[in-house]
Every structure is written in structure tokens, then in C-alpha cells.
Amino acid sequence: MDGRALAERIRAEVANEVSGLDRAPGLATVLVGDDAASDIYIRNKHKAAREAGIDALDHRLPQDASEEDVLGLVQELNDKDEIDAVLVQLPLPKGIDENKVIRAVEPVKDVDGFHPFNAGQLYLGEPTHVPATPLGILALLDEYDVDLDGASAVVIGRSQIVGKPVAHLLLQRNATVTLCHSRTRDLADRARGADVLVVATGRAGLVGAEDVKEGATVVDVGINRTETGIVGDVDAAAAERAGLVTPVPGGVGPMTIAMLLSSTVRAARYRRGELAYPLE
Ligand code: NAP
């Protein structure tokens, strides 16, 4: 499953949608501290946003910023009418309560979908803002016409960012979902029963080729830096047994930014009253 090609198409569609709006959507990012990986993620998000015609504003606070400083900036961005989307890059430096900061973002501007209101909407089966990576996974499965209705879907990893939300999206599409994690006893057996297997653990090679059912659809979310380069959580040899598989890199990764842009336009539409946001 070619995430690069689909992401490129979605980004072009977003750019087209943006050009039809009365003004460019505003996306504000907040980066606290000097984490090198976060800096790269933010740069990539800004570049992609600019290319799509989104007004991206880069807010940075020093490593020693206080929780009050971060909460104050988030409030300022909540209050600005020209800002449609607020994204706080995680992780935050030690000493800052991430949950408190996530709760401070105005839900309609929370394009990451981490605010309890948006997470709750997904749980209720009425998704509003949903985290970008799970959205990208569903978009890829749809692009390749993967039949989810009644399928056995196994998700390995239960993070708030990937595992849990993707399990909810699959459930909503009538898959029978098994959510596995580090305490799951018979992980390999469960994986082997999956028509659709989504692996998001950050453990290189956790799922071996023998753990994949013949003809299954495999979504490898993992990004692991090894001596041989970037690899996923699924052994590359699994591609021979799987019917469809996402490569790493070039599968889920490119989809995440594309879906973030798409969510930013959705936030702009919510705020213009073109789409109904349940809290407004
Ligand atoms: P995370 O918050 O660290 O969660 C990892 C999950 O994997 C946890 O639920 C953990 O179980 C489970 N796990 C760990 N070891 C396991 C094992 N041996 N067997 C079964 N389950 C195990 O990670 P994340 O943020 O979801 O990210 C997961 C991976 O996806 C990482 O490699 C990350 O870089 C990548 N990622 C990629 C994208 C993208 O755009 N492509 C986006 C986000 C994340 P417990 O809950 O029991 O600890």
C-alpha cells in the first residue's frame, strides 16, 4: 500500500479545498524545548501546510518554560480568531503536565484529536477530530478496498495516538476488533487470526512473517531506527505472505501529515459553521 502516492493526492485535494475558502486556515504549532526529532516533525508539518496554502504559525518556548507559560500560550491561540487549529508537539519537557495542556486546547481547534471531548466523540462512534495516524490508516485501507465489514482486525499497541483510536475506527466500520498490548499472552496466535493486522508498538520485528495469515492486510505503523536504516514492527519477509502491506518508510508515515492538513481544513469548516461541531 503506497502511502506516499495517496498522501500526495490527499495533499493536492486539501490545497484545492483551501483555495475555495474565504481565507486560508490558520494552524498554530507549539514546540516547547529543543528536542531534535520534534523540531524535524514541526518543520515537516509547516512545509506541508504552506504547500497546501495553510497559514502555519510556529510558536516556540524554551526548554525551561513553565506549565503556566505553555497554558498561557495555548489560551492565547484559543482566543485568536484567525487560528483554526492548535497543535502542541509532544512530548513536553518533564515537569509539564501533558494532560493538563491537552485539556487546555479548545476542542474545536484540537486537530490532534487528543482532547477528552474529541476522544469521547470517537468512543461514542461520532468522530469529530481524530488523531491523524489512525485516520491515515483508514484512508489507506479504503484506498485499497480492504473489506472491513465483519473482518477480524487485530491491533497491537494501545496508545492514545495510534492503537486505541484505530481500534475504534475499525470497530465503527464493523470489524471484529482485538486490541493487544505488552501483556497479551498469546500474541502470535492472535496475530495469525487477523484478516487485518495493525502493528504500532515501536518494537522492530515484533511480528514475524510466520505470524501473518496468508493473504492478510498488514499495516505496519512502527518507525524504528536501526543500523540498517528505518524499519517497521513487522518483519519485511511478511510481505510475501500478506495480501497487502504498508512499507516502512513510505506507508503510514506520509499519511499522517496529509491527514493533519485535512483535519486543519475540517477545523476551519467547523469554525465557519460549514460543518456542525457538537460543542458549538
Ligand atoms: P507507544 O505509546 O510507546 O505504545 C506502544 C504500544 O505497544 C503500547 O501499547 C505497548 O503495550 C505495546 N507494546 C510494546 N511492546 C510490546 C510487545 N512486546 N508486545 C505487544 N505489545 C507491545 O507507541 P506509539 O506512540 O503508539 O507508537 C508506536 C510506533 O508507531 C512507534 O514506532 C512510533 O514511532 C510509530 N508511530 C508512527 C507514526 C507514523 O506517522 N507512521 C505515528 C505515530 C507513531 P503496553 O500498553 O502494555 O505498554
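In which strand is A28 found? Select A28 in the viewer: the residue is found in strand β1. Keep in mind throughout that this is a predicted model.

**Stop 1: A28 and its surroundings**

Is A28 buried or exposed? Its relative accessibility is 0%, so A28 counts as buried, the limit for that class being under 20%. Now show the residues that A28 touches, leaving aside those up to four places away in sequence: L57, H59, L77, I83, A85, V86 and L87.

**Stop 2**

Select residues 26-32, which make up β1. This strand belongs to an open sheet of 3 strands, ordered β2-β1-β3, with parallel pairing. At the edges stand β2 (55-61) and β3 (85-88); each has a single partner strand, so one side of each is left without a neighbour in the sheet. From one strand to the next, the twist averages 20°.

Strands of a sheet pair through backbone hydrogen bonds, either parallel or antiparallel. Here, β1 pairs with β3 over 4 bridges in the parallel sense, and A28 stands opposite V86 in β3. Turn to β2: the parallel pairing of β1 and β2 runs over 7 bridges, and in β2 the residue opposite A28 is L57. To get from β1 to β2, the chain passes through α2, and this β-α-β crossover is right-handed.

**Stop 3: helices on this sheet**

Select α3, residues 67-79. This helix lies across β1, β2 and β3 and runs at about 160° to β2.

**Stop 4: a pair of helices**

Two packed helices are described by the angle between their axes and the distance between the axes. Select α1 (residues 3-19) and α6 (residues 132-143): they pack at an angle of about 105°, and their axes are 11 Å apart. That angle makes α1 roughly perpendicular to α6. Which residues make the contact? From α1 come G3, L6, R9 and I10, and from α6 come A139, L140 and E143. Sorted by class, this contact has 4 nonpolar, 1 polar and 2 charged residues.

**Stop 5: the sheet of 5 strands**

Another open sheet has 5 strands in the order β5-β4-β6-β7-β10, with parallel pairing. Its edge strands are β5 (176-180) and β10 (244-245), each pairing on one side only. Within the sheet, select β4 (residues 152-156) and β6 (residues 196-199), which pair in the parallel sense over 4 bridges. The bridge partner of A153 in β6 is V196. Then select α7, residues 163-172: this helix packs on the sheet, touches β4, β5 and β6, and has a direction that makes about 170° with that of β5.

**Stop 6: backbone details in the loops**

Select D145, in the loop between α6 and β4. Its phi is near 55°, a positive value in a residue other than glycine. D145 counts as exposed, with 70% relative accessibility. Next, go to N174 in the loop between α7 and β5. N174 also has a positive phi, about 70°, although it is not a glycine. At 47% relative accessibility, N174 counts as partly exposed.

Two prolines end the tour. P91 is in the loop between β3 and α4 (98-104), and a cis peptide bond with omega of about 0° joins L90 and P91. P249 lies in the loop between β10 and α9 (252-271); the peptide bond from V248 to P249 is cis, with omega near -5°.

Terms used
Residues are numbered from 1 along each chain as its sequence is written. This is a predicted model: local features need pLDDT of at least 70, side-chain atom pairs count only at pLDDT 80 or more; totals for chains, interfaces and linings use all residues. Side-chain values use heavy atoms; hydrogens and water are left out. Two strands pair if DSSP finds at least two bridges between them. Axes are lines fitted to C-alpha atoms, for helices over the stretch in contact, and angles run from 0 to 180 degrees between N-to-C directions. Contact means heavy atoms within 4.5 Å. Angles under 35 degrees count as roughly parallel, over 145 as roughly antiparallel, 65 to 115 as roughly perpendicular and the rest as oblique. Ala, Val, Leu, Ile, Met, Phe, Trp, Tyr, Cys and Pro count as nonpolar, Asp, Glu, Lys and Arg as charged, and the others, Gly among them, as polar. A crossover is right-handed if, with the strands pointing away from the viewer, the path from the first strand over the helix to the second runs clockwise. Buried means under 20% relative accessible area, exposed over 50%, partly exposed in between (1.4 Å probe, protein chains only).
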